[in-house]
Amino acid sequence: MNNNLKKLRIEKGKSQEQIARIANVSQSNYSKYELNKTQMPYNIIEKLADYYNVSIDFLLGKAETPHRTLQPETEEVVFMPVIAKITAGFGRNTEIEYNGDKLPIPKYMVKGDLEDYFILQVQGDSMYPNYLDGDNVLMQKADFADNNQIVAVSIDGEEATLKKIEYTAEAVKLIPLNPNYPPRTFTGESMNSVRVVGISKYLIRRT
């Protein structure tokens, strides 16, 4: 069974050497993982699934969709508030208004301070098919993201939205996953209007 390591790495725009460093293994060993020539240790599987924000089954080629779905009856959980609006501030200083709802989150997904996380509800279909209208996404507060990460981003202080982000030397591009929506590109001084407030860590979809 083929795993999805190469596919995920290419989508992320990373080299084998870069992912090997993240996994804390040699490039030669990592190459064998991609080719299914040797079995990955479970701690590396967990680390890479977390880095790519996909389920372990998808990483290993055992599932067709990358989503991590909540199994509250089998996982220890903590309850996180759902935001109504993101307003001002950066990183841990981001000002957030909550709507009063709380959702269960697998405890292992929340590393460190609970105050470093929030839940963003997806509105609309611009991130279809990976994120559906009404989905909730656990976000980790951040003011910067790597290329091609899914982020909560605010533009000119407006309410935050979920998009894939892409950086170049001359521009910042916000990319919907739905091909029916065009990307938005910011250049020059307008780049300063784009503010990352969080990075997607976990998709919560009720089925």
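# Helices, cores and ring pairs

Guide: Tyr51 and Tyr52 are both buried, where buried means under 20% relative accessible area, exposed means over 50% and partly exposed lies in between, with a 1.4 Å probe and protein chains only. This is a predicted model, in which local features need pLDDT of at least 70 and side-chain atom pairs count only at pLDDT 80 or more, while totals for chains, interfaces and linings use all residues. Residues are numbered from 1 along each chain as its sequence is written, and side-chain values use heavy atoms, with hydrogens and water left out.

Visitor: What is the pair formed by the rings of Tyr51 and Tyr52?

Guide: A search of the whole structure finds two aromatic pairs, which are rings of Phe, Tyr and Trp (its six-membered ring) with centres within 6.5 Å, called stacked if the planes are under 30 degrees apart, edge-to-face if over 60, and tilted for the rest. Because the rings of Tyr51 and Tyr52 have centres 5.1 Å apart and planes at 65°, this pair is edge-to-face.

Visitor: How many residues apart in sequence are the parts tied together by Phe144 and Tyr167?

Guide: Phe144 and Tyr167 form a stacked aromatic pair, with 5.0 Å from centre to centre and 20° between the planes. Phe144 lies in the loop between strand E4 (136-141) and strand E5 (150-155), whereas Tyr167 belongs to strand E6 (residues 161-167), so the parts that the pair ties together are, in sequence, apart by 23 residues.

Visitor: Which element gives the largest share of the largest nonpolar core?

Guide: A nonpolar core is a set of buried Ala, Val, Leu, Ile, Met, Phe, Trp, Tyr and Cys residues joined through side-chain atoms within 4.5 Å, and the largest one has 18 residues, with Tyr30, Met40, Leu48, Tyr52 and Leu59 making the most contacts inside it. The elements that give two or more residues to this core are helix H1 (5-12), helix H2 (16-23), helix H3 (27-34), helix H4 (42-52) and helix H5 (56-59). Six residues, the largest share, come from H4.

Visitor: Around the axis of H1, what arc do Leu5, Leu8, Arg9 and Lys12 cover?

Guide: Helices (H or I, at least four residues) and strands (E, at least two) are DSSP runs numbered from the N terminus, and in H1 the residues Leu5, Leu8, Arg9 and Lys12 are buried. They lie on the same side of H1, because the arc, taken from the directions from the helix axis to the C-beta atoms, is only 100°.

Visitor: Which ring lies under the charged end of Lys12?

Guide: A charge sits over a ring if NZ of Lys or CZ of Arg is within 6 Å of the ring centre and within 35 degrees of the ring normal. At 4.8 Å from the ring's centre, the charged end of Lys12 sits over the ring of Tyr51.

Visitor: Which residue's backbone nitrogen does the side chain of Asn178 reach?

Guide: Asn178 is found in the loop between strand E7 (171-175) and strand E8 (184-187), and its 4% relative accessibility is why Asn178 counts as buried. Leaving aside residues up to four places away in sequence, Asn178 touches Asp125, Ser126, Met127 and Tyr128, where contact means heavy atoms within 4.5 Å. At 2.9 Å, the side chain of Asn178 reaches the backbone nitrogen of Asn180.

Conventions:
A polar contact is a pair of N or O atoms within 3.5 Å; within protein, one must be able to donate a hydrogen and the other to accept it, and residues adjacent in sequence count only if both atoms are side-chain atoms.
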